[in-house]
Amino acid sequence: MGENQATIPLEKICDVVTEWVNSVATLVQPEHIHWCDGSMEEKRIIESQMIARGELIKLNQETFPDCFLARSHPNDVARTEHQTFVCTRDKELAGSNNNWMSPDSAHELMRGLFSGCMQGRTLYVIPYRLGPLSSPYARCGVEITDSPYVVLNMRIMTRMGTDALRRITIDGKFVKGLHSTGDLNSERRYIIHYPEETLVESFGSGYGGNALLAKKCHALRIASWQAREEGWLAEHMLIMGVQNPAGEVRYIAAAFPSACGKTNLAMLTPPTSMPGWKVFTVGDDIAWLHVGDDGRLWAINPEAGYFGVVPGTNRDTNKNAFDMIHAGTIFTNVALTADDEPWWQGRKKNQPIKDWMGNDYVDGAVAAHANSRFTVSASRNPVQSAESNNPMGVPISAIVFGGRRAALAPLVCEAFDWDHGVLMGASLASETTAAATGTTGIVRRDPMAMKPFCGYNLSDYWRHWLKIGRNLKSPPKLFHVNWFRRDTKGHYLWPGFGENLRVIQWMLDRSENRAAATASAIGWMPRVADLNLQGLELEASIMEQLLSVNQSEWLQEIVELREYFKQQDRFPAELELQLQSIETRLVSNNQ
Ligand code: OXD
Ligand code: MN
(Lines give C-alpha, C1' and ligand atoms only; values in the text may rest on other atoms or scores of the structure.)
(Ligands and ions follow the chains in the order given, each with its own letter.)
Protein backbone atom coordinates (compact mmCIF):
# COMPACT_ATOMS: atom_id res chain seq x y z
CA MET A 1 0.00 0.00 0.00
CA GLY A 2 1.38 3.44 -0.91
CA GLU A 3 1.28 6.12 1.74
CA ASN A 4 -1.40 8.02 -0.13
CA GLN A 5 -3.74 5.08 0.35
CA ALA A 6 -4.53 6.34 3.83
CA THR A 7 -6.17 9.43 2.41
CA ILE A 8 -8.29 7.64 -0.19
CA PRO A 9 -11.95 7.61 0.92
CA LEU A 10 -12.98 4.08 1.88
CA GLU A 11 -15.66 3.84 -0.79
CA LYS A 12 -12.97 4.37 -3.45
CA ILE A 13 -10.71 1.56 -2.18
CA CYS A 14 -12.69 -1.36 -3.45
CA ASP A 15 -14.84 -1.25 -6.59
CA VAL A 16 -16.55 -4.59 -6.03
CA VAL A 17 -17.81 -3.48 -2.65
CA THR A 18 -18.80 0.01 -3.84
CA GLU A 19 -20.82 -1.46 -6.70
CA TRP A 20 -22.76 -3.69 -4.33
CA VAL A 21 -23.29 -0.89 -1.76
CA ASN A 22 -24.66 1.37 -4.50
CA SER A 23 -27.09 -1.26 -5.72
CA VAL A 24 -28.31 -1.92 -2.16
CA ALA A 25 -28.64 1.83 -1.49
CA THR A 26 -30.88 2.18 -4.54
CA LEU A 27 -33.18 -0.46 -3.05
CA VAL A 28 -33.21 0.58 0.62
CA GLN A 29 -32.91 4.38 0.13
CA PRO A 30 -30.94 5.42 3.22
CA GLU A 31 -30.55 9.02 4.31
CA HIS A 32 -26.79 8.62 4.86
CA ILE A 33 -24.14 6.05 4.02
CA HIS A 34 -21.32 5.49 6.50
CA TRP A 35 -18.30 3.32 5.65
CA CYS A 36 -16.94 1.89 8.92
CA ASP A 37 -13.19 2.25 9.37
CA GLY A 38 -13.07 0.45 12.74
CA SER A 39 -11.41 3.41 14.50
CA MET A 40 -11.79 4.36 18.15
CA GLU A 41 -13.15 7.75 17.09
CA GLU A 42 -15.89 6.08 15.08
CA LYS A 43 -16.78 3.88 18.06
CA ARG A 44 -17.06 6.91 20.36
CA ILE A 45 -19.24 8.83 17.90
CA ILE A 46 -21.65 5.92 17.40
CA GLU A 47 -21.84 5.33 21.16
CA SER A 48 -22.69 8.96 21.89
CA GLN A 49 -25.32 9.06 19.14
CA MET A 50 -26.94 5.93 20.56
CA ILE A 51 -26.78 7.25 24.12
CA ALA A 52 -28.42 10.51 23.02
CA ARG A 53 -31.25 8.55 21.39
CA GLY A 54 -31.66 6.31 24.47
CA GLU A 55 -30.53 3.19 22.58
CA LEU A 56 -27.49 2.62 24.78
CA ILE A 57 -26.97 3.16 28.50
CA LYS A 58 -23.54 4.03 29.86
CA LEU A 59 -22.88 1.77 32.85
CA ASN A 60 -20.99 2.74 36.02
CA GLN A 61 -17.66 3.84 34.53
CA GLU A 62 -15.75 3.35 37.78
CA THR A 63 -16.65 -0.29 38.32
CA PHE A 64 -17.45 -1.15 34.66
CA PRO A 65 -15.28 1.16 32.53
CA ASP A 66 -16.20 1.37 28.83
CA CYS A 67 -19.25 -0.86 29.43
CA PHE A 68 -22.73 -0.27 28.02
CA LEU A 69 -26.19 -1.76 28.24
CA ALA A 70 -28.44 -2.28 25.22
CA ARG A 71 -31.99 -3.61 25.31
CA SER A 72 -33.48 -5.45 22.38
CA HIS A 73 -37.19 -5.51 21.57
CA PRO A 74 -38.91 -7.96 23.97
CA ASN A 75 -40.07 -10.06 21.01
CA ASP A 76 -36.52 -10.24 19.68
CA VAL A 77 -34.29 -11.94 22.22
CA ALA A 78 -32.98 -15.13 20.58
CA ARG A 79 -32.17 -16.75 17.25
CA THR A 80 -35.33 -17.63 15.39
CA GLU A 81 -34.66 -20.95 13.74
CA HIS A 82 -38.13 -21.33 12.25
CA GLN A 83 -37.58 -18.09 10.31
CA THR A 84 -34.09 -19.06 9.15
CA PHE A 85 -33.81 -20.47 5.61
CA VAL A 86 -31.18 -21.97 3.35
CA CYS A 87 -32.14 -21.23 -0.26
CA THR A 88 -30.39 -23.51 -2.70
CA ARG A 89 -31.51 -24.11 -6.29
CA ASP A 90 -31.88 -27.82 -5.52
CA LYS A 91 -33.97 -28.35 -2.36
CA GLU A 92 -32.18 -31.60 -1.49
CA LEU A 93 -28.90 -29.76 -1.12
CA ALA A 94 -30.32 -27.80 1.82
CA GLY A 95 -31.52 -31.05 3.41
CA SER A 96 -34.38 -31.71 5.78
CA ASN A 97 -32.31 -30.09 8.53
CA ASN A 98 -32.91 -26.64 7.00
CA ASN A 99 -36.00 -24.63 6.14
CA TRP A 100 -35.99 -24.11 2.40
CA MET A 101 -37.41 -21.66 -0.13
CA SER A 102 -36.43 -21.33 -3.77
CA PRO A 103 -33.84 -18.56 -4.28
CA ASP A 104 -36.25 -16.77 -6.67
CA SER A 105 -39.09 -16.71 -4.14
CA ALA A 106 -36.72 -15.64 -1.37
CA HIS A 107 -35.28 -12.82 -3.46
CA GLU A 108 -38.75 -11.58 -4.33
CA LEU A 109 -39.89 -11.72 -0.69
CA MET A 110 -36.78 -9.95 0.59
CA ARG A 111 -36.82 -7.29 -2.17
CA GLY A 112 -40.29 -6.38 -0.98
CA LEU A 113 -39.19 -6.11 2.64
CA PHE A 114 -35.97 -4.20 1.96
CA SER A 115 -37.55 -1.79 -0.49
CA GLY A 116 -37.21 1.71 1.03
CA CYS A 117 -36.62 0.21 4.51
CA MET A 118 -33.70 2.54 5.37
CA GLN A 119 -35.46 5.81 4.58
CA GLY A 120 -34.43 8.35 7.23
CA ARG A 121 -31.78 5.94 8.54
CA THR A 122 -28.03 5.58 8.14
CA LEU A 123 -26.73 2.66 6.11
CA TYR A 124 -23.49 1.36 7.64
CA VAL A 125 -21.01 -0.57 5.51
CA ILE A 126 -19.00 -2.97 7.69
CA PRO A 127 -16.04 -4.63 5.98
CA TYR A 128 -14.69 -7.45 8.15
CA ARG A 129 -12.23 -10.29 8.19
CA LEU A 130 -12.89 -13.62 9.90
CA GLY A 131 -9.62 -15.04 11.19
CA PRO A 132 -6.18 -13.48 11.62
CA LEU A 133 -5.72 -10.76 9.01
CA SER A 134 -2.86 -12.46 7.14
CA SER A 135 -4.09 -16.04 7.55
CA PRO A 136 -4.53 -18.02 4.32
CA TYR A 137 -7.56 -19.59 6.05
CA ALA A 138 -9.23 -16.26 6.90
CA ARG A 139 -12.16 -14.91 4.86
CA CYS A 140 -13.69 -11.48 4.29
CA GLY A 141 -17.23 -10.29 4.35
CA VAL A 142 -19.14 -7.05 4.21
CA GLU A 143 -22.28 -6.48 6.24
CA ILE A 144 -24.61 -3.66 5.32
CA THR A 145 -26.86 -2.73 8.22
CA ASP A 146 -29.02 0.08 9.53
CA SER A 147 -28.25 -0.86 13.14
CA PRO A 148 -25.50 1.02 15.01
CA TYR A 149 -25.76 -1.72 17.69
CA VAL A 150 -24.67 -4.20 15.03
CA VAL A 151 -21.71 -1.95 14.12
CA LEU A 152 -20.49 -1.80 17.73
CA ASN A 153 -20.85 -5.56 18.16
CA MET A 154 -19.24 -6.45 14.83
CA ARG A 155 -16.33 -4.18 15.80
CA ILE A 156 -15.71 -6.51 18.75
CA MET A 157 -16.59 -9.85 17.16
CA THR A 158 -14.56 -9.49 13.93
CA ARG A 159 -11.46 -7.74 12.58
CA MET A 160 -13.52 -4.89 11.18
CA GLY A 161 -12.65 -1.77 9.20
CA THR A 162 -10.15 -0.40 6.71
CA ASP A 163 -7.66 -3.31 6.87
CA ALA A 164 -10.40 -5.78 6.07
CA LEU A 165 -11.52 -3.66 3.12
CA ARG A 166 -7.97 -3.63 1.81
CA ARG A 167 -7.87 -7.43 2.13
CA ILE A 168 -10.97 -7.65 -0.06
CA THR A 169 -9.08 -5.87 -2.84
CA ILE A 170 -6.43 -8.62 -2.54
CA ASP A 171 -8.88 -11.55 -2.23
CA GLY A 172 -11.20 -10.14 -4.90
CA LYS A 173 -14.18 -11.76 -3.16
CA PHE A 174 -16.25 -11.46 0.00
CA VAL A 175 -19.43 -12.77 1.59
CA LYS A 176 -22.31 -10.29 1.36
CA GLY A 177 -24.63 -9.71 4.29
CA LEU A 178 -27.58 -7.33 4.11
CA HIS A 179 -29.36 -6.57 7.33
CA SER A 180 -32.13 -4.25 8.44
CA THR A 181 -33.93 -4.27 11.77
CA GLY A 182 -37.01 -3.21 9.79
CA ASP A 183 -40.01 -2.62 12.02
CA LEU A 184 -39.21 -5.58 14.35
CA ASN A 185 -42.51 -7.17 13.47
CA SER A 186 -41.93 -10.82 14.34
CA GLU A 187 -44.23 -11.91 11.51
CA ARG A 188 -41.96 -10.21 9.00
CA ARG A 189 -38.65 -11.61 10.27
CA TYR A 190 -36.47 -13.65 7.93
CA ILE A 191 -32.86 -14.79 7.98
CA ILE A 192 -32.13 -16.04 4.50
CA HIS A 193 -28.96 -17.72 3.24
CA TYR A 194 -28.10 -18.12 -0.44
CA PRO A 195 -24.92 -20.26 -0.26
CA GLU A 196 -24.59 -20.41 -4.04
CA GLU A 197 -24.43 -16.59 -4.12
CA THR A 198 -22.42 -16.28 -0.86
CA LEU A 199 -25.15 -13.91 0.31
CA VAL A 200 -27.13 -13.55 3.53
CA GLU A 201 -30.20 -11.35 3.93
CA SER A 202 -31.69 -10.68 7.35
CA PHE A 203 -34.74 -8.56 8.05
CA GLY A 204 -36.78 -7.71 11.13
CA SER A 205 -34.45 -8.66 13.98
CA GLY A 206 -31.74 -6.83 15.90
CA TYR A 207 -30.76 -9.86 17.99
CA GLY A 208 -27.13 -11.06 17.82
CA GLY A 209 -27.35 -14.42 16.08
CA ASN A 210 -29.87 -13.02 13.57
CA ALA A 211 -28.20 -9.65 13.02
CA LEU A 212 -24.44 -10.05 13.51
CA LEU A 213 -24.22 -11.77 10.16
CA ALA A 214 -20.53 -12.67 10.46
CA LYS A 215 -21.27 -15.10 13.28
CA LYS A 216 -23.68 -17.97 12.73
CA CYS A 217 -24.75 -16.88 9.21
CA HIS A 218 -21.31 -16.42 7.63
CA ALA A 219 -18.83 -18.26 9.89
CA LEU A 220 -21.02 -21.38 10.09
CA ARG A 221 -23.83 -21.64 7.52
CA ILE A 222 -22.12 -20.08 4.49
CA ALA A 223 -18.64 -21.20 5.60
CA SER A 224 -19.76 -24.83 6.05
CA TRP A 225 -20.98 -24.80 2.45
CA GLN A 226 -17.68 -23.31 1.23
CA ALA A 227 -15.75 -25.75 3.42
CA ARG A 228 -17.41 -28.72 1.74
CA GLU A 229 -16.55 -27.37 -1.70
CA GLU A 230 -12.97 -26.59 -0.71
CA GLY A 231 -12.08 -29.50 1.59
CA TRP A 232 -12.14 -28.04 5.11
CA LEU A 233 -14.55 -27.87 8.06
CA ALA A 234 -16.45 -24.94 9.61
CA GLU A 235 -17.59 -26.13 13.03
CA HIS A 236 -19.53 -25.00 16.11
CA MET A 237 -16.53 -25.70 18.35
CA LEU A 238 -14.43 -24.06 21.00
CA ILE A 239 -10.66 -24.28 20.66
CA MET A 240 -8.52 -24.48 23.79
CA GLY A 241 -4.86 -24.96 24.59
CA VAL A 242 -3.92 -27.10 27.60
CA GLN A 243 -0.47 -26.94 29.16
CA ASN A 244 0.67 -29.79 31.41
CA PRO A 245 3.15 -29.39 34.29
CA ALA A 246 5.96 -30.42 31.91
CA GLY A 247 5.18 -27.34 29.83
CA GLU A 248 3.76 -29.20 26.80
CA VAL A 249 0.80 -27.43 25.17
CA ARG A 250 -1.79 -29.40 23.21
CA TYR A 251 -5.01 -28.19 21.61
CA ILE A 252 -8.51 -29.58 21.58
CA ALA A 253 -11.60 -28.56 19.62
CA ALA A 254 -14.96 -29.30 21.24
CA ALA A 255 -18.54 -29.18 20.00
CA PHE A 256 -21.44 -28.82 22.45
CA PRO A 257 -25.00 -27.74 21.69
CA SER A 258 -25.90 -24.20 22.81
CA ALA A 259 -26.18 -23.81 26.62
CA CYS A 260 -23.87 -26.72 27.52
CA GLY A 261 -21.03 -24.56 28.87
CA LYS A 262 -18.70 -24.10 25.86
CA THR A 263 -17.51 -20.69 27.03
CA ASN A 264 -16.89 -22.01 30.56
CA LEU A 265 -14.88 -24.96 29.24
CA ALA A 266 -12.83 -22.78 26.87
CA MET A 267 -11.81 -20.54 29.80
CA LEU A 268 -11.56 -23.25 32.47
CA THR A 269 -9.65 -22.54 35.71
CA PRO A 270 -7.64 -25.64 36.72
CA PRO A 271 -8.44 -26.98 40.20
CA THR A 272 -5.88 -26.18 42.89
CA SER A 273 -5.23 -29.90 43.21
CA MET A 274 -3.78 -29.90 39.66
CA PRO A 275 -0.78 -27.63 40.15
CA GLY A 276 1.20 -26.70 37.05
CA TRP A 277 -1.74 -27.11 34.63
CA LYS A 278 -2.84 -24.12 32.53
CA VAL A 279 -5.62 -23.52 30.05
CA PHE A 280 -5.58 -20.99 27.20
CA THR A 281 -8.55 -19.98 25.06
CA VAL A 282 -8.20 -19.79 21.28
CA GLY A 283 -11.96 -19.56 20.68
CA ASP A 284 -15.24 -20.23 22.50
CA ASP A 285 -17.76 -20.86 19.71
CA ILE A 286 -16.50 -21.44 16.16
CA ALA A 287 -13.54 -23.29 14.65
CA TRP A 288 -12.38 -23.42 11.05
CA LEU A 289 -10.37 -26.60 10.57
CA HIS A 290 -7.96 -27.30 7.72
CA VAL A 291 -5.87 -30.31 6.76
CA GLY A 292 -2.27 -29.09 7.10
CA ASP A 293 0.64 -30.03 4.84
CA ASP A 294 1.84 -32.21 7.71
CA GLY A 295 -1.38 -34.28 7.61
CA ARG A 296 -2.62 -32.89 10.93
CA LEU A 297 -5.80 -30.88 11.50
CA TRP A 298 -5.19 -27.16 12.13
CA ALA A 299 -7.73 -24.77 13.64
CA ILE A 300 -8.28 -21.04 13.56
CA ASN A 301 -10.94 -19.10 15.41
CA PRO A 302 -12.65 -16.86 12.83
CA GLU A 303 -13.94 -14.58 15.58
CA ALA A 304 -12.18 -11.84 17.54
CA GLY A 305 -14.58 -11.63 20.49
CA TYR A 306 -17.13 -13.48 22.57
CA PHE A 307 -20.90 -13.15 22.47
CA GLY A 308 -21.65 -15.13 25.62
CA VAL A 309 -24.60 -15.86 27.86
CA VAL A 310 -24.36 -13.71 31.02
CA PRO A 311 -26.58 -15.42 33.66
CA GLY A 312 -24.65 -17.82 35.82
CA THR A 313 -21.29 -16.13 35.22
CA ASN A 314 -19.45 -15.63 38.51
CA ARG A 315 -16.10 -16.25 40.19
CA ASP A 316 -16.96 -19.90 40.87
CA THR A 317 -18.35 -20.88 37.48
CA ASN A 318 -15.98 -18.89 35.24
CA LYS A 319 -13.62 -16.49 36.98
CA ASN A 320 -11.87 -15.53 33.74
CA ALA A 321 -15.14 -14.55 32.05
CA PHE A 322 -16.31 -12.77 35.18
CA ASP A 323 -13.13 -10.64 35.27
CA MET A 324 -13.19 -10.15 31.51
CA ILE A 325 -16.66 -8.58 31.43
CA HIS A 326 -15.83 -5.85 33.94
CA ALA A 327 -14.52 -3.52 31.21
CA GLY A 328 -15.03 -2.87 27.49
CA THR A 329 -18.23 -4.92 27.36
CA ILE A 330 -21.60 -4.43 25.71
CA PHE A 331 -24.31 -6.07 27.81
CA THR A 332 -27.59 -6.91 26.12
CA ASN A 333 -30.80 -7.52 28.08
CA VAL A 334 -29.30 -7.70 31.58
CA ALA A 335 -30.87 -5.93 34.57
CA LEU A 336 -29.59 -2.68 36.08
CA THR A 337 -28.69 -1.80 39.68
CA ALA A 338 -29.24 1.53 41.48
CA ASP A 339 -25.59 2.46 40.88
CA ASP A 340 -25.74 1.68 37.17
CA GLU A 341 -24.06 -1.68 37.29
CA PRO A 342 -25.27 -4.57 35.16
CA TRP A 343 -26.97 -7.34 37.10
CA TRP A 344 -27.75 -10.93 36.27
CA GLN A 345 -28.88 -14.12 38.00
CA GLY A 346 -25.81 -15.61 39.67
CA ARG A 347 -23.88 -12.35 39.88
CA LYS A 348 -23.93 -12.71 43.67
CA LYS A 349 -23.52 -8.99 44.35
CA ASN A 350 -25.86 -6.00 44.47
CA GLN A 351 -29.57 -5.97 43.57
CA PRO A 352 -31.46 -5.07 40.40
CA ILE A 353 -33.78 -2.06 40.31
CA LYS A 354 -34.66 -2.27 36.58
CA ASP A 355 -35.33 -5.52 34.76
CA TRP A 356 -33.98 -6.35 31.29
CA MET A 357 -36.84 -4.47 29.62
CA GLY A 358 -36.17 -1.32 31.66
CA ASN A 359 -39.22 -1.76 33.92
CA ASP A 360 -39.01 -1.35 37.69
CA TYR A 361 -37.82 -4.63 39.10
CA VAL A 362 -40.42 -6.51 41.11
CA ASP A 363 -39.10 -8.98 43.67
CA GLY A 364 -39.23 -12.54 42.38
CA ALA A 365 -39.59 -11.55 38.73
CA VAL A 366 -36.98 -12.37 36.06
CA ALA A 367 -34.34 -9.62 36.22
CA ALA A 368 -31.91 -10.41 33.41
CA HIS A 369 -33.24 -12.30 30.37
CA ALA A 370 -32.13 -15.97 30.40
CA ASN A 371 -30.44 -15.32 27.05
CA SER A 372 -28.90 -11.96 28.02
CA ARG A 373 -25.44 -11.56 26.51
CA PHE A 374 -22.03 -9.99 26.85
CA THR A 375 -20.03 -8.90 23.83
CA VAL A 376 -16.36 -8.48 24.61
CA SER A 377 -13.06 -8.56 22.79
CA ALA A 378 -11.06 -11.81 23.11
CA SER A 379 -8.09 -9.63 24.02
CA ARG A 380 -9.78 -8.97 27.38
CA ASN A 381 -9.70 -12.67 28.26
CA PRO A 382 -7.03 -13.12 30.98
CA VAL A 383 -6.18 -16.54 29.51
CA GLN A 384 -6.35 -15.72 25.81
CA SER A 385 -3.92 -17.97 23.93
CA ALA A 386 -0.87 -16.26 22.42
CA GLU A 387 -1.57 -18.47 19.39
CA SER A 388 -4.97 -16.86 18.73
CA ASN A 389 -3.42 -14.66 16.08
CA ASN A 390 -1.21 -17.30 14.52
CA PRO A 391 -2.15 -17.21 10.81
CA MET A 392 -1.72 -21.00 10.52
CA GLY A 393 -3.81 -21.72 13.63
CA VAL A 394 -3.10 -24.48 16.14
CA PRO A 395 -2.75 -28.27 15.62
CA ILE A 396 -5.64 -30.24 17.09
CA SER A 397 -4.85 -33.37 19.14
CA ALA A 398 -8.41 -34.25 20.16
CA ILE A 399 -11.93 -33.48 18.96
CA VAL A 400 -14.58 -33.68 21.65
CA PHE A 401 -18.35 -33.98 21.27
CA GLY A 402 -20.52 -33.44 24.30
CA GLY A 403 -24.14 -33.15 25.29
CA ARG A 404 -26.28 -32.86 28.36
CA ARG A 405 -27.51 -36.38 29.21
CA ALA A 406 -28.88 -37.32 32.64
CA ALA A 407 -28.38 -41.00 31.84
CA LEU A 408 -26.85 -43.20 29.15
CA ALA A 409 -23.66 -41.42 28.10
CA PRO A 410 -20.62 -42.08 30.32
CA LEU A 411 -18.28 -39.33 31.51
CA VAL A 412 -15.92 -39.97 28.59
CA CYS A 413 -15.52 -42.42 25.75
CA GLU A 414 -13.01 -42.54 22.88
CA ALA A 415 -13.94 -43.56 19.36
CA PHE A 416 -12.22 -46.66 17.98
CA ASP A 417 -11.36 -44.78 14.78
CA TRP A 418 -12.31 -41.72 12.71
CA ASP A 419 -15.50 -43.18 11.21
CA HIS A 420 -16.70 -44.29 14.64
CA GLY A 421 -15.96 -40.75 15.89
CA VAL A 422 -18.02 -39.27 13.05
CA LEU A 423 -20.93 -41.45 14.19
CA MET A 424 -20.40 -40.21 17.76
CA GLY A 425 -20.67 -36.64 16.48
CA ALA A 426 -23.66 -37.44 14.28
CA SER A 427 -25.42 -39.03 17.29
CA LEU A 428 -24.89 -36.00 19.54
CA ALA A 429 -27.93 -35.15 21.61
CA SER A 430 -28.70 -32.92 24.52
CA GLU A 431 -31.53 -32.61 26.98
CA THR A 432 -33.46 -29.37 27.05
CA THR A 433 -33.22 -27.20 30.14
CA ALA A 434 -36.20 -25.62 31.88
CA ALA A 435 -35.06 -22.13 30.90
CA ALA A 436 -35.37 -22.93 27.21
CA THR A 437 -38.58 -24.89 26.94
CA GLY A 438 -40.31 -25.17 30.27
CA THR A 439 -39.87 -28.94 30.08
CA THR A 440 -36.75 -30.70 31.20
CA GLY A 441 -35.21 -33.87 29.90
CA ILE A 442 -36.45 -33.83 26.29
CA VAL A 443 -33.65 -35.29 24.17
CA ARG A 444 -32.88 -33.23 21.08
CA ARG A 445 -30.58 -34.58 18.40
CA ASP A 446 -28.00 -31.98 17.48
CA PRO A 447 -25.35 -33.64 15.27
CA MET A 448 -21.91 -32.13 15.86
CA ALA A 449 -23.89 -29.31 17.61
CA MET A 450 -24.47 -28.10 14.02
CA LYS A 451 -28.17 -28.85 13.55
CA PRO A 452 -29.10 -25.13 13.49
CA PHE A 453 -25.92 -24.08 11.68
CA CYS A 454 -25.06 -26.56 8.93
CA GLY A 455 -25.69 -24.74 5.64
CA TYR A 456 -26.45 -27.93 3.72
CA ASN A 457 -27.81 -31.48 3.91
CA LEU A 458 -26.59 -33.24 7.08
CA SER A 459 -25.97 -36.54 5.26
CA ASP A 460 -23.66 -34.77 2.81
CA TYR A 461 -22.05 -33.08 5.79
CA TRP A 462 -21.30 -36.44 7.47
CA ARG A 463 -19.96 -37.74 4.17
CA HIS A 464 -17.68 -34.70 4.05
CA TRP A 465 -16.45 -35.44 7.59
CA LEU A 466 -15.66 -39.03 6.55
CA LYS A 467 -13.70 -37.70 3.57
CA ILE A 468 -11.70 -35.25 5.71
CA GLY A 469 -10.66 -38.21 7.88
CA ARG A 470 -9.26 -39.98 4.80
CA ASN A 471 -7.15 -36.88 4.04
CA LEU A 472 -5.56 -36.74 7.49
CA LYS A 473 -2.29 -38.64 7.92
CA SER A 474 -2.28 -37.89 11.67
CA PRO A 475 -5.93 -37.40 12.61
CA PRO A 476 -6.85 -36.17 16.07
CA LYS A 477 -8.55 -38.72 18.31
CA LEU A 478 -12.30 -38.27 18.73
CA PHE A 479 -14.18 -38.41 22.02
CA HIS A 480 -17.63 -38.06 23.55
CA VAL A 481 -18.05 -36.53 27.01
CA ASN A 482 -20.99 -36.02 29.33
CA TRP A 483 -20.51 -33.70 32.31
CA PHE A 484 -24.21 -33.89 33.18
CA ARG A 485 -24.94 -37.45 34.26
CA ARG A 486 -27.26 -37.66 37.30
CA ASP A 487 -28.14 -40.16 40.00
CA THR A 488 -31.67 -41.49 40.56
CA LYS A 489 -32.45 -38.48 42.77
CA GLY A 490 -31.45 -36.06 40.03
CA HIS A 491 -28.11 -34.96 41.54
CA TYR A 492 -25.19 -34.40 39.20
CA LEU A 493 -22.61 -37.15 39.63
CA TRP A 494 -19.62 -35.20 38.29
CA PRO A 495 -18.57 -31.83 39.78
CA GLY A 496 -17.82 -30.34 36.35
CA PHE A 497 -16.25 -26.89 35.75
CA GLY A 498 -12.48 -26.94 36.57
CA GLU A 499 -12.58 -30.65 37.38
CA ASN A 500 -13.31 -31.37 33.72
CA LEU A 501 -9.58 -30.88 33.20
CA ARG A 502 -9.07 -34.39 34.62
CA VAL A 503 -11.01 -35.83 31.71
CA ILE A 504 -9.15 -33.58 29.29
CA GLN A 505 -5.86 -34.86 30.71
CA TRP A 506 -6.90 -38.43 29.96
CA MET A 507 -8.01 -37.52 26.42
CA LEU A 508 -4.74 -35.73 25.67
CA ASP A 509 -2.70 -38.56 27.17
CA ARG A 510 -4.64 -40.98 24.96
CA SER A 511 -3.75 -38.87 21.94
CA GLU A 512 -0.06 -39.25 22.94
CA ASN A 513 -0.55 -43.00 23.53
CA ARG A 514 0.38 -42.67 27.19
CA ALA A 515 -2.88 -43.45 29.02
CA ALA A 516 -4.54 -46.79 29.49
CA ALA A 517 -8.10 -47.64 28.48
CA THR A 518 -10.37 -50.59 28.19
CA ALA A 519 -12.53 -51.48 25.20
CA SER A 520 -16.29 -51.24 25.75
CA ALA A 521 -19.09 -51.79 23.25
CA ILE A 522 -19.32 -48.05 22.63
CA GLY A 523 -15.60 -47.19 22.53
CA TRP A 524 -12.40 -46.97 24.59
CA MET A 525 -13.07 -45.98 28.19
CA PRO A 526 -10.85 -45.18 31.15
CA ARG A 527 -11.04 -47.37 34.22
CA VAL A 528 -11.28 -45.36 37.43
CA ALA A 529 -7.54 -45.88 37.99
CA ASP A 530 -6.74 -44.44 34.54
CA LEU A 531 -8.01 -40.97 35.49
CA ASN A 532 -6.07 -38.45 37.55
CA LEU A 533 -8.43 -38.06 40.52
CA GLN A 534 -5.85 -36.80 42.97
CA GLY A 535 -7.38 -34.23 45.32
CA LEU A 536 -10.90 -34.94 44.12
CA GLU A 537 -13.04 -36.49 46.77
CA LEU A 538 -15.49 -38.60 44.89
CA GLU A 539 -16.62 -42.01 46.06
CA ALA A 540 -15.43 -44.93 43.97
CA SER A 541 -19.04 -46.05 43.44
CA ILE A 542 -19.87 -42.68 41.86
CA MET A 543 -16.91 -42.97 39.51
CA GLU A 544 -18.10 -46.47 38.60
CA GLN A 545 -21.54 -45.07 37.78
CA LEU A 546 -20.02 -42.28 35.70
CA LEU A 547 -18.07 -44.81 33.66
CA SER A 548 -20.82 -47.41 33.31
CA VAL A 549 -22.42 -48.51 30.05
CA ASN A 550 -25.91 -49.92 30.43
CA GLN A 551 -26.60 -52.51 27.73
CA SER A 552 -30.39 -52.16 27.54
CA GLU A 553 -30.27 -48.35 27.57
CA TRP A 554 -27.72 -48.41 24.77
CA LEU A 555 -29.70 -50.91 22.70
CA GLN A 556 -32.69 -48.57 23.05
CA GLU A 557 -30.45 -45.65 21.98
CA ILE A 558 -29.49 -47.59 18.84
CA VAL A 559 -33.20 -48.04 18.01
CA GLU A 560 -33.79 -44.30 18.46
CA LEU A 561 -30.72 -43.38 16.43
CA ARG A 562 -31.88 -45.64 13.56
CA GLU A 563 -35.25 -43.88 13.66
CA TYR A 564 -33.54 -40.48 13.58
CA PHE A 565 -31.10 -41.34 10.82
CA LYS A 566 -33.96 -42.77 8.73
CA GLN A 567 -35.31 -39.23 8.48
CA GLN A 568 -32.03 -38.07 6.85
CA ASP A 569 -32.03 -38.79 3.15
CA ARG A 570 -28.74 -40.18 1.76
CA PHE A 571 -27.50 -41.37 5.18
CA PRO A 572 -23.91 -42.62 4.61
CA ALA A 573 -23.49 -46.42 4.53
CA GLU A 574 -20.24 -46.09 6.51
CA LEU A 575 -22.17 -44.70 9.47
CA GLU A 576 -24.85 -47.38 9.24
CA LEU A 577 -22.00 -49.91 9.42
CA GLN A 578 -20.66 -48.23 12.55
CA LEU A 579 -24.10 -48.37 14.14
CA GLN A 580 -24.34 -52.09 13.37
CA SER A 581 -20.91 -52.72 14.90
CA ILE A 582 -21.93 -51.05 18.16
CA GLU A 583 -25.11 -53.09 18.25
CA THR A 584 -23.19 -56.32 17.64
CA ARG A 585 -20.68 -55.48 20.36
CA LEU A 586 -23.45 -54.58 22.81
CA VAL A 587 -25.17 -57.90 22.27
CA SER A 588 -22.00 -60.00 22.33
CA ASN A 589 -20.28 -58.13 25.23
CA ASN A 590 -23.48 -58.45 27.21
CA GLN A 591 -22.49 -55.28 29.09
C1 OXD B 1 -24.65 -19.05 20.37
C2 OXD B 1 -25.48 -20.24 20.17
O3 OXD B 1 -25.20 -17.96 20.57
O4 OXD B 1 -24.91 -21.31 19.92
O5 OXD B 1 -23.42 -19.19 20.32
O6 OXD B 1 -26.72 -20.16 20.23
MN1 MN C 1 -22.79 -21.09 19.63
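How many nonpolar, polar and charged residues are in the lining of the largest cavity? I get 13 nonpolar, 3 polar and 2 charged. (Ala, Val, Leu, Ile, Met, Phe, Trp, Tyr, Cys and Pro count as nonpolar, Asp, Glu, Lys and Arg as charged, the others, Gly among them, as polar.)

Ground rules: this is a predicted model, where local features need pLDDT of at least 70 and side-chain atom pairs pLDDT 80 or more, while totals for chains, interfaces and linings use all residues. Residues are numbered from 1 along each chain as its sequence is written, ligands from 1 in the order written, and hydrogens and water are left out of side-chain values.

Entry 1, cavities. I count 3 cavities of 30 Å³ or more. (On a 1 Å grid over the protein atoms alone, a 1.4 Å probe fits in a cavity but cannot get out, and lining residues have an atom within 4 Å of a point.) The largest has a volume of about 250 Å³, and of its 18 lining residues, Met-424, Ser-427, His-480, Trp-554 and Glu-557 are the closest to its centre.

The second largest cavity is about 80 Å³. I noted 3 nonpolar, 2 polar and 5 charged residues in its lining, with Arg-250, Trp-277 and Asp-509 among them.

How values were computed
On a 1 Å grid over the protein atoms alone, a cavity is a set of points where a 1.4 Å probe fits but cannot get out, and a pocket is an open set with protein on both sides within 12 Å along at least five of seven lines; lining residues have an atom within 4 Å of a point. Grid points are joined across faces, edges and corners, and a volume is the space filled by probe spheres set on the points.
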